[in-house]
Structure formats: C-alpha cells, structure tokens
Amino acid sequence: MKDRNLPQLQPHPSSQPWPLQTHRAVEHVPEEIRMGLLLKILVPFVGLVLAFCFYSKEDFKPEMMKGKRVIVTGASTGIGEQMAYHLARMGAHVLITARTEAKLQKVVTWCLELGAASAHYMYGSMEDMALAEDVVKEAKRLWGGLDMLILNHIGYTYFNYFDGDVEHLRKLLEINFLSYVAMTVSALPVLKESGGSILVVSSTAGKVGIPFVAPYSATKFALDGFFSSLRQELIIENINVSITLCILGHIATETAEKTVSHVMQKPGAPKEECALEIIKSGALRKRELYYPYAAVRIPLLIRDWAPEFLDSFTRNRLNVENVKRS
Ligand SMILES: NC(=O)C1=CN([C@@H]2O[C@H](COP(=O)(O)OP(=O)(O)OC[C@H]3O[C@@H](n4cnc5c(N)ncnc54)[C@H](OP(=O)(O)O)[C@@H]3O)[C@@H](O)[C@H]2O)C=CC1
Ligand SMILES: C[C@H](CCC(=O)NCC(=O)O)[C@H]1CC[C@H]2[C@@H]3C(=O)C[C@@H]4C[C@H](O)CC[C@]4(C)[C@H]3CC[C@]12C
C-alpha cells in the first residue's frame, strides 16, 4: 500500500527495461547528432556484415541439382519460369504449376530442350487447397519422392492505396499464404525422407512497410512468421528439412514492370539472375536470401535502428505523386 504523504519516487531510468531507458536518454540528443552517431556506427557495422557474408560464401555447384526432384509453383512466367529453366539446365526433374495451361506447356517443352531429367506441369488456381495437396501427390507418383519445394506463386496484386476491400485480402491470404502452408503440410513427410528443402519466395514488402501494397505485404509478413516459426520447430526436433526465406527487392518481371514502372525510379533487377540466386540459396540451405543484396539487406539493417528514417527513405524512392486513388 503506497504511503500517501511520501513523494512518489520515479523509478530510476536504469531500472527501466533497456529500450525505454535508451529511448528516454536518446530523446535529449539533437536529431542531427543522433543521425551522425547512427551513421558512424552503422556504416562500419554494415561493412563488417557485408564482408562476413561475402567471405563466408559456400560454393554452389550446378551438379548439386542434377537428378533432384523439384516442384516450382507460379512457373508459367516471371521468376518462376526462369527457375524452371535454370533447374532444367542443371538436369533436375521439374514439376511446375500455374493457372494457364498453354504457358505451362511451353515452359515444359523448353525445359526438356534445356536438359531437364523430366518436366511435367499441373494447372489450376491455388485458391483451391486441394490442388496444393494434389501437386505434392503427383510428385510422389512421378518420382517416388521430393527434394525441393519452391513456393513462388502470387495472386493478383494491385499497387495503390488500400481500398478497404477485405475480401480481396482474404483471397490473397488464401493464394499467397494458406496454399503455401497446405503444400508444406503435404510435402513435409517426403521432404523428411529426402532431407530436402523448402524455398519460400517473399519480398522486401514482407519485412518492412512499403506503401501501396498493404494486402500483398500482409501475406508476405505472414509467410515470414509461419515459416520462421516452423524452421525453429524442425531444428528442435532435429528434422533435416531446410527452410529458406527469399527476400526480393524490385525484379524486372513483366507483371512487376506493368504494375510499378510508373513509380519506380529505376528498372528492376534481372529475373534470370534472381531465379538462379534463389536456387543457389536453397541448395546451400541458407536461412534467408536477400536479392538484390544491398537494396534489400541494408534497409533491413536500418529497420530496427531508425524505422522512421527507413520509412522516409522508402517513400522518397517512389514517385508517389504518380499513384492516384482508384
Ligand atoms: N517481381 C518483383 O518485383 C518481386 C517479386 N517477388 C516475389 O517473387 C515471386 C514471383 O513474382 P513474379 O515472377 O514477379 O510474378 P509473376 O506475376 O510474373 O508470376 C506469378 C506466377 O503465379 C501464377 N499465378 C497467379 N495467380 C495464381 C493463382 N491464383 N494460383 C496459382 N498460380 C497463380 C502466374 O501464372 P498464371 O497467371 O498462369 O496462374 C505466374 O506463373 C512472388 O512470390 C513475388 O511476391 C518479390 C519481390 C519483388
Ligand atoms: C517498391 C519496392 C522496392 C522498394 C525499393 O525501392 N527497394 C530497392 C530495390 O528493390 O531496388 C518493391 C519491392 C517489392 C516489390 C513488390 C513485390 O514484392 C512484388 C509485387 C510483384 C507484382 O507482380 C507487382 C508488384 C509488386 C507489388 C512489387 C512492387 C514493387 C515492390 C513493392
């Protein structure tokens, strides 16, 4: 019971939890000094991180994928299509999915030309969770197992102010997130047998706040939460299945350029190189891939130290005046 007559002592800042204590101490430092200090600390730190990552590279060899049994979703176009071609050149077995059968047929034909050990497709929308499970069943039927599951497809994404359409968000969560979970549930038993890998294709927009992609961003953040937690559980249970979360910046795919060329100040990174980096990161069982490295990794380093600065930097990198409410 507090004594009403004694002045109520404020707890000493040092007794506060660290962030609050630091926040109060930092409040009194002028902004320009704070930013100067931040850069003096951050630049060497980023340099050390980049040096470590550069020198700690393990060597990928294309023969690592020879004969491997790989599912690639969303492979009728874009990054998924390029991943199928890289895997074909490496002599892998590929099973690709999307909605458009005609496009899938062309990709399969070209995969066989490029040297795929085998190439098959299944078409349909990933709104249908049964399809998500049937694709894995087909891999078991064709190959007797599975080595790599590349979850890449996304549903239609607008690039504009959030319009309040909750049904659109629900549908996007089904296509971009729940179908990834359904395929993973179906694939885990065979991936455990092979000691295989799950590659989850995500985005900068799945790690930091980027305007005009709120529904899409929600689905990508969900992927990070779910698969980062699942990765912990696999480690705890000593299950030899790797999960690689691939965080991509702006990539020059047909859809992305159609959607955002009017707001981006430079073209996206090459989809062919992006696709190869995703495959490499999965084959090397990396925890996360950042591509383009600097464009993605540096904002993530800034994110926790200066979130408002990063928000402002992100907005300034877009021609936001070109985005008109629909
Ligand atoms: N391009 C970029 O700037 C960036 C891309 N990414 C990520 O990379 C991945 C690939 O992106 P990108 O190559 O640009 O995308 P694309 O739009 O080029 O390709 C999307 C693929 O998904 C398929 N697809 C679309 N709707 C459905 C559906 N309902 N069910 C099943 N498949 C569907 C499409 O084929 P079909 O229409 O025939 O079904 C197509 O094969 C995505 O996960 C995206 O979030 C991340 C950051 C940046
Ligand atoms: C605008 C974002 C990139 C922010 C930036 O300037 N980063 C530096 C760099 O990347 O060089 C884009 C990052 C992710 C993109 C979005 C995405 O994740 C994929 C969607 C794909 C879809 O086909 C089209 C548009 C996307 C929403 C795409 C739009 C641009 C990004 C938000």
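This note goes through the surroundings of the two ligands in a predicted model.

1. Local features here need pLDDT of at least 70 and side-chain atom pairs count only at pLDDT 80 or more, whereas totals for chains, interfaces and linings use all residues. Residues are numbered from 1 along each chain as its sequence is written, chains are lettered from A and ligands numbered from 1 in the order in which they are written, and side-chain values use heavy atoms, with hydrogens and water left out.

2. Around ligand 1 there are 29 residues (a heavy atom within 4 Å), and Ser76, Arg99, Thr100, Asn152 and Tyr216 are the closest. Its oxygen atoms have polar partners (N or O pairs within 3.5 Å) in the side chain of Thr100 at 2.6 Å, the backbone of Asn152 at 2.8 Å and the side chain of Lys220 at 3.0 Å. The protein buries 92% of the 890 Å² that ligand 1 exposes when taken alone (Shrake-Rupley, 1.4 Å probe).

3. Strand S5 (a DSSP E run of at least two residues) gives the most to the shell around ligand 1, namely three residues.

4. Ligand 2 has 16 residues around it, of which Ser203, Tyr216, His250, Thr255 and Arg317 come nearest.

5. Helix H8 (residues 254–260; a DSSP H or I run of at least four residues) supplies the largest share of the shell around ligand 2, with four residues.

How values were computed: Polar contact = N/O pair within 3.5 Å; in protein donor to acceptor, adjacent residues only side chain to side chain.
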